[in-house]
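Hello,

Below is the structure I said I would pass on. My notes on it follow.

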Amino acid sequence: MSQASMLVRDGARQAMAWLHGWTGLLLGHILFIMCLAGTLSVFKPEISRWMRPEVSGQADPVRAITAATDWLSANTTGSTGWYLSAPDGRSNLVEATYDSGGAYFSRALDPLSGAPVPRDTLGGEFFYRLHFELELPYPWGRLLASVAAMLMLVAIITGIIAHKRFFKDIFTFRPAKGQRSWLDGHNALGVLSLPFHIMITFTGLLTLASLNMPWGMTAGYGQDLMALYSDLTPGAVTQAATGTKAPLAPIAPMLAQARRHFAGAPVGRVYIFNPGDSGAVVTIYPVETASIGYLPAEISFDGATGKVLKAWTEQRPVIRTYQTIYGLHMAHFAPLLTRWLYFLGGAMLTLAIASGMLLWIVKRRERAPLSIGNRLLERLNVGGLVGVPIGMTAFLIANRLLPLGLTMRAEVEVSVALWSTGAALLLGLVLPPALGWPLLLGLLALLCALAALLGPIWASDTVPVTGNMMLLATAIALGLLVCKLLRRRHAPAPVRRRTMPA
């Protein structure tokens, strides 16, 4: 290779390394929140079970949906729709969104009585919504998340190009070497699960494509979103309410017929439009465990008579391709082992982002030790990278300590999470990093241990017990890290000896 070619190659790598660092820095803290919340969302149903300990064990989907529709029929007025998610092997409740008297509600319904569970909480839904909405109003949270995901994809691609020893970095880690160790860890975290990082970032962008790239949809359908939805799901029938009251037909026969149409796949979601009206429609979707694709089929019934209006099984190649890419991100199809692999890949991506933020500061601190901007970002790293997990853990603790009858209890839980994060962020900005890191990490360890102790330590349901064990393991790991930081802080500085010339 000529010297000119080597200069061009090295120059390109330096440019990619510069772009990699700055794209990661611009929205690095937003990406950290998204990746951490997305990683936890892999076990969204299990987190919800941990946060509603009053209901344990498995539930029969047909009986649970029947109980839910009976309760909703008797306790709602003027509803335009009930949107129900059936219990399965992971969830043991009916997740319901419905309107009554002009107000909208999202509640978990008991699988036996159909009534709302006394412990009002968002459960794992909080982490899921935080992942792509960032607790911001629509559409601003999703727009910010999509921009951050675009920068994440740029950071991944530029990181690949900037690597000189791509495969060697997988097996290289030199501990206790300062900046070199941080770089080795960052490289290993990024390279080991690189295919997953590319897949999850690209598919995440696709889930928000209609928001950040709406031009194709607008060109084909204009503002008629119902026509778009009808073309995507032809088996979902829509019809206007007639104004004539009519009771809902028995739901169990519809569920049985839907399962036959789904080739034995269990029922996943049940949408009931215009309940209590002669124009009611019941649309049923299967769970997405039989295939990777999202929304593989649907069937609609006349709500008053129980007769089939339309059934559809998706076979169109383009739609199936889109649904498969979408389903890869959602991971509803994933068995237990695959879900743990998703969790591991997400955790590695989260740690890669965090280590990249720290590494950027380590490099700049050596070059400009008196820079106010570097000092501010270093303290922002302390409060942000530890404060977000502190807020999430406070959310779990609030779930256990808040009174069950508290008004707007679910919203108060979210407020506790946000205020706790804000307080930790403020502490990180105020305290010097040498004190802020061990203090906030120690606080996080104590909160994880407290959340585990407040949960059921022994129970017939293994899901909450597993969650407690993970919280305790996290607390122990953080405690060891804090001890290491404190030992390093109090250790005497090494004496540098000047060597005399021979």
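A salt bridge here is a side-chain nitrogen of Lys or Arg within 4 Å of a carboxyl oxygen of Asp or Glu. By that criterion the structure holds 12 salt bridges. The model is a predicted one, in which local features need pLDDT of at least 70 and side-chain atom pairs count only at pLDDT 80 or more, while totals for chains, interfaces and linings use all residues. Residues are numbered from 1 along each chain as its sequence is written, and side-chain values use heavy atoms, with hydrogens and water left out.

Salt bridges

Glu-46 pairs with Arg-339, and their closest N and O atoms are 3.9 Å apart. This bridge links distant parts of the chain, 293 residues apart: Glu-46 sits in helix α3 (residues 44-50) and Arg-339 in helix α14 (residues 336-367). Helices (H or I, at least four residues) and strands (E, at least two) are DSSP runs, numbered from the N terminus. Both Glu-46 and Arg-339 are buried; buried means under 20% relative accessible area, exposed over 50%, and partly exposed in between (1.4 Å probe, protein chains only).

Arg-269 forms a salt bridge with Glu-288, with 3.3 Å between the closest N and O atoms. Here too the pair links distant parts of the chain, with Arg-269 in strand β4 (residues 267-273) and Glu-288 in the loop between β5 (281-286) and β6 (297-302), 19 residues apart. Arg-269 counts as buried because its relative accessibility is 16%, and Glu-288 is buried at 7%.

Salt bridges with shared partners also join Lys-44, Glu-125, Arg-129, Glu-133 and Arg-142 into one network. Within it, the closest N and O atoms of Arg-142 and Glu-133 are 2.8 Å apart. Arg-142 has 22% relative accessibility, so this residue counts as partly exposed, whereas Glu-133 is buried at 17%.

Helices α5 and α6

The axes of α5 (residues 125-133) and α6 (residues 140-162) come within 7 Å and cross at roughly 65 degrees. Axes are lines fitted to C-alpha atoms, for helices over the stretch in contact, and angles run from 0 to 180 degrees between N-to-C directions. The two helices are therefore roughly perpendicular to each other (under 35 degrees is roughly parallel, over 145 roughly antiparallel, 65 to 115 roughly perpendicular, the rest oblique). Arg-129, Phe-132 and Glu-133 of α5 make the contact with Gly-141, Arg-142 and Ala-145 of α6, where contact means heavy atoms within 4.5 Å.

Two loop residues

Gly-279 lies in the loop between β4 and β5 and is buried, with 3% relative accessibility. Beyond its neighbours within four places in sequence, Gly-279 is in contact with Gln-239, Ala-240, Thr-242 and Asn-274. Thr-244 is 35 residues away in sequence, and its C-alpha is 8.0 Å from that of Gly-279.

Leu-431 is in the loop between α16 (409-430) and α17 (433-454) and counts as buried at 17% relative accessibility. Not counting residues up to four places away in sequence, Leu-431 touches Arg-379, Gly-436 and Leu-439.

Cysteines

The structure holds 0 disulfides, a disulfide being a pair of cysteine sulfur atoms within 2.5 Å. Cys-35 is buried at 13% relative accessible area, and Cys-483 is partly exposed at 37%.

Regards
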